[in-house]
Amino acid sequence: MDDLDRLAHGLEAGALELPEGPVLVINARPGRLSPLPGRPVCEQGMRPLHDALAAMGHEVHPRVDQGSFAAAVVLLPRNRAEALGALARAFRLTRPGGRVVLSGAKSDGVDSIIARLRALVPVETMAKGHGKLGWAARPDALPGTFGEWEAAAVPARNADGFLSAPGMFSHAHADPGSRLLAAHLTGRLSGRVVELGAGYGWLAAQLLAGNPGIAELTMVEADHAACRAAEANVADPRARVVWANVAALPAPEPPFDHAVANPPFHAGRAADPALGLGFIAAAARFLGPRGRLVLVANRHLSYEAGVSRLFASWREEAVAGGYKILVAERPRPGAAGRGRR
């Protein structure tokens, strides 16, 4: 049972009742939204989920910071600071007397979140499907702690001096894989470059600083908040940020000369190499006939078969600290949907 199923069960069983009026759903996902009254306003900053909700006919925004809602629902993200910030924002955007609802899995820390909320306002709960549903009335005056929670979730300078926020990949500092890749590529890139999964822009900034031959760098990122941070972090006029689902982007014209990636490999808590393989397929689609992909990955991830299928040649160029750098060249004709040019 996922968070939406748990919410739907609470509404359909009559345990939870929502007041009449507009409803906001933070971290909305495709699923059982129909039990909610009216037509909910959905917030989802991850482009694949955002587009899926829009395709289903929902009103969806990457971020909602203003409004007056009769109720707000938070489907809890895994990062605690991000979850507390979303919950505090839900209270701020809900009318006094309205309902704020949260749904989360035990494995994602819902019990801890409810305990912290219960220290501030009365909370009712219902346990279901290895998780909990919680709800509270929005008080006339909000506790000051809510402001602290919301402030802790907004972008701030991290240990490297880059704007980032809880919930973004390696938000506290650049990860070792990106550092390895940046060092490996210094002085080795030129022409048109695309970075797939650019995050808040740390790697792009290093690539631009270390490769004056780059003519343009397109940073593709699915997380809307990370895109906005990247725009602030990378001021180089050669760079542009694209909020997009890598898998859904068409082949560009003209194609890129180089693709760089530190692909995600987790879906929830489980490692899922298919995510990285999707980035490799996208790179093959984006590159020209002599194009080159350079990616960093954890050593245990088996990307080699996918690389071999999509590129005419590949090699492992570096191994360090549990990471490997793979270099693939010359996408095969027709690879990943691109025809021969």
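Aspartate 111 comes out partly exposed, at 34% relative accessibility. Buried here means under 20% relative accessible area, exposed means over 50%, and partly exposed is in between, with a 1.4 Å probe and protein chains only. The side chain of aspartate 111 meets that of lysine 132 in a salt bridge, 3.1 Å from N to O. By salt bridge I mean a side-chain nitrogen of Lys or Arg within 4 Å of a carboxyl oxygen of Asp or Glu. Lysine 132 sits in strand 7 (residues 131-137) and aspartate 111 in helix 4 (residues 110-118), so the pair ties together parts 21 residues apart in sequence. Helices (H or I, at least four residues) and strands (E, at least two) are DSSP runs, numbered from the N terminus. Lysine 132 is partly exposed too, at 25%.

A word on the model. It is predicted: local features need pLDDT of at least 70, side-chain atom pairs count only at pLDDT 80 or more, and totals for chains, interfaces and linings use all residues. Residues are numbered from 1 along each chain as its sequence is written, and side-chain values use heavy atoms, with hydrogens and water left out.

Back to charges. The whole structure has 19 salt bridges. Take arginine 89 and glutamate 43, at 2.6 Å, N to O. Arginine 89 is in helix 3 (residues 80-93), glutamate 43 in strand 2 (residues 41-43), and they are 46 residues apart. Buried or exposed? Arginine 89 is buried, at 4% relative accessibility. Glutamate 43 is buried as well, with a relative accessible area of 7%.

Next pair: arginine 315 and glutamate 317, 2.8 Å from N to O. Arginine 315 is partly exposed at 32%, and glutamate 317 is partly exposed at 26%. There is also a network: salt bridges with shared partners join Arg63, Asp65, Arg92 and Glu150.

Last, the cores. A nonpolar core is a set of buried Ala, Val, Leu, Ile, Met, Phe, Trp, Tyr and Cys residues joined through side-chain atoms within 4.5 Å. The largest has 32 residues, and Leu181, Met219 and Val260 touch the most other members. Elements giving two or more residues include helix 6 (176-185), helix 8 (224-233) and strand 16 (287-298). Helix 7 gives the largest share, 6 residues. Another core, of 28 residues, lies apart; among its members are Leu196, Ala297, Phe311 and Leu326.
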